[in-house]
Amino acid sequence: MIKPISGFSRLSKKEKIDWLAKTYLKNQPEDVAVLRQYWNEDSHLQRLHDEFTENTLSNFYLPFGLAPNFLINGDLMAIPMAIEESSVIAAASKAAKFWGTRGGFKARVIDTKKIGQVHFKYNGNKELLNRFFTSVKPKLLQAVKPITSNMEKRGGGVLDIQLKDKTAAIEAYYQLHCEFETRDSMGANFINSCLEKFAEVFENEANKDPHITSEGKTLDIIMSILSNYVPECLVRAEVSCPVEELNENKDIEGKEFAKKFIEAVKIAEVEPYRAVTHNKGIMNGIDAVVLATGNDFRAVEAGVHAYAARNGQYSSLTHAGLEDGIFKFWIEIPLALGTVGGLTSLHPLVKLAMDILQKPNAQELMKIVAVAGLAQNFAALNSLTTTGIQQGHMKMHLMNILNQHQATEEEKKVLIEYFTKNTVTHSSAVAQLKKIRSL
Ligand code: MEV
């Protein structure tokens, strides 16, 4: 029987791997070799990666690719993408090329406000709490000056603190609902440090004030944390063109294409089962750029999906319409991104991604990421409403199938050629591989 281990984090990397191999891997040297295979020769780089997180044994690679030809607000950009899924980068590149000859993508940041909250319980009089909050608010703002002074020099800081009464939802529950501007940093550490200071001062001041805390009245801080829901840190990207220019596919007229495309978006607006997949496709593009630029894709995912459900039903993040012969397709999404701090200055590939993007500031990165999401969705809907998704997807997936079956370079060449004229399915790829091997 396996026993729990204590002090695992204090073991050296070798000791950790030995323990793992002995305990879970039947001591197979091949398993340990897999871990070692992904170590980096350069010990500095390896140490850097080891220290990003805890209990590291090896590295987990993701492909780092490039989608060129993105015309965004008049600038031609190449977008780095970190993603394992086949077809995603090809689809982004295709959409970029398509819109590059139709005016390109237009993007603008709508707002950059971020939110954090101190959650607390108070069992006293609401009116007294309100008055106490008003009197203590300047002290709260003053107390975070050592944390905010640098951010203020960069044009950021605390924008506001409001007291919110949440007692209708939970008895005695209130919040300090705080708004922040964090400029080019994602701002998680900044916001959390400010919030913890607010909480400390707020509680101390409350405990000193007999109007607030006496005769069984208590103010208890529950927790202080930023919110990854950032509906006011919002960016919009759009494409538009005369409907007759939507004629890339010679079999379908622009008008017909637009009609079906708009119907497909409408379905995602009203039907949550479709909306989730529709938005998943958008996140294929968004996450890939967020990851390549060293940003927190879990935070982005959580915030984006909450935004997609903001009206009480999960819905599409993109919208499309046709007005006066002009087809328009757009996205509005919340994105809390950073271009300074975190991994951005530590991870060599992230630094390179930022260089490829011409060192964007946070607002510029928001626009690029939104465009990547819109492009991805355009490509997906383009395929779905015309040829279907599998034709292109399986062609891209062919390489994965061939690699799974250890196809040689020569075998790959023959089968890629064969499948330019034949439909790819997993079984047909395997069957063809067997066939050429038996020749
Ligand atoms: C696959 O990763 C993404 C799609 O399913 C998105 C969509 O259906 O819109 C193709």
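The legends below describe close-up views of a predicted model.

Residues are numbered from 1 along each chain as its sequence is written. In this predicted model, local features need pLDDT of at least 70 and side-chain atom pairs count only at pLDDT 80 or more, while totals for chains, interfaces and linings use all residues, and side-chain values use heavy atoms, with hydrogens and water left out.

**Figure 1. Overall architecture of the protein chain.** The protein chain contains 15 helices and 10 strands, taken as DSSP runs numbered from the N terminus (helices: H or I, at least four residues; strands: E, at least two). Its C-alpha trace spans about 90 × 70 × 40 Å along the principal axes. The domain assignment gives domain 1 (8-50), domain 2 (64-110 + 234-387), domain 3 (114-226) and domain 4 (393-438); such bounds come from an automatic or database domain assignment. Between the C-alpha centres of domain 3 and domain 4 the distance is 61 Å. Of the 439 residues in the protein chain, 45% are buried (buried, under 20% relative accessible area; exposed, over 50%; partly exposed, in between; 1.4 Å probe, protein chains only).

**Figure 2. Surroundings of the ligand.** Glu85, Arg274, Thr277, His278, Lys280, Gly281, Asn284, Ala380, Leu384 and Ile389 surround the ligand, each with a heavy atom within 4 Å of it. Polar contacts (pairs of N or O atoms within 3.5 Å) are made by several of these side chains. A polar side-chain atom of glutamate 85 lies 2.6 Å from a ligand oxygen atom, and for arginine 274 the corresponding distance is 2.8 Å. In the side chain of lysine 280, an N or O atom is 2.6 Å from an oxygen atom of the ligand. On its own the ligand has 300 Å² of accessible area, of which the protein covers 81%; accessible areas come from the Shrake-Rupley method with a 1.4 Å probe, and for residues only the protein chains shown count as cover.

Figure 3. The side chains of aspartate 18 and lysine 14 form a salt bridge at 2.8 Å, N to O (a side-chain nitrogen of Lys or Arg within 4 Å of a carboxyl oxygen of Asp or Glu). The two residues are four apart in helix α1 (residues 13-24), so about one helical turn separates them. Aspartate 18 is partly exposed at 37% relative accessible area, whereas lysine 14, at 53%, is exposed. By the salt-bridge rule the count comes to 18.

Figure 4. Glutamate 205 and lysine 139 meet through their side chains at 3.2 Å, N to O. Because glutamate 205 belongs to helix α7 (residues 188-208) and lysine 139 to helix α5 (residues 126-143), the pair ties together parts that are 66 residues apart in sequence. Glutamate 205 is buried, with a relative accessible area of 16%, and lysine 139 is partly exposed, at 46%.

**Figure 5. A buried ion pair and a salt-bridge network.** Glutamate 238 and arginine 236 are joined by a salt bridge of 2.8 Å, N to O. Both glutamate 238 and arginine 236 are buried. Salt bridges also link Lys113, Glu179 and Glu232 in a network.

**Figure 6. A nonpolar surface patch.** Val34, Tyr38 and Tyr61 make a nonpolar patch of about 290 Å². Patch residues have over 30% relative accessible area and no salt bridge; nonpolar side chains (Val, Leu, Ile, Met, Phe, Trp, Tyr) are joined within 5 Å, and like charges within 9 Å. Tyrosine 61 sits in the loop between α3 (43-52) and β1 (64-72). With 48% relative accessibility, tyrosine 61 counts as partly exposed.

Terms used
A polar contact is a pair of N or O atoms within 3.5 Å; within protein, one must be able to donate a hydrogen and the other to accept it, and residues adjacent in sequence count only if both atoms are side-chain atoms.
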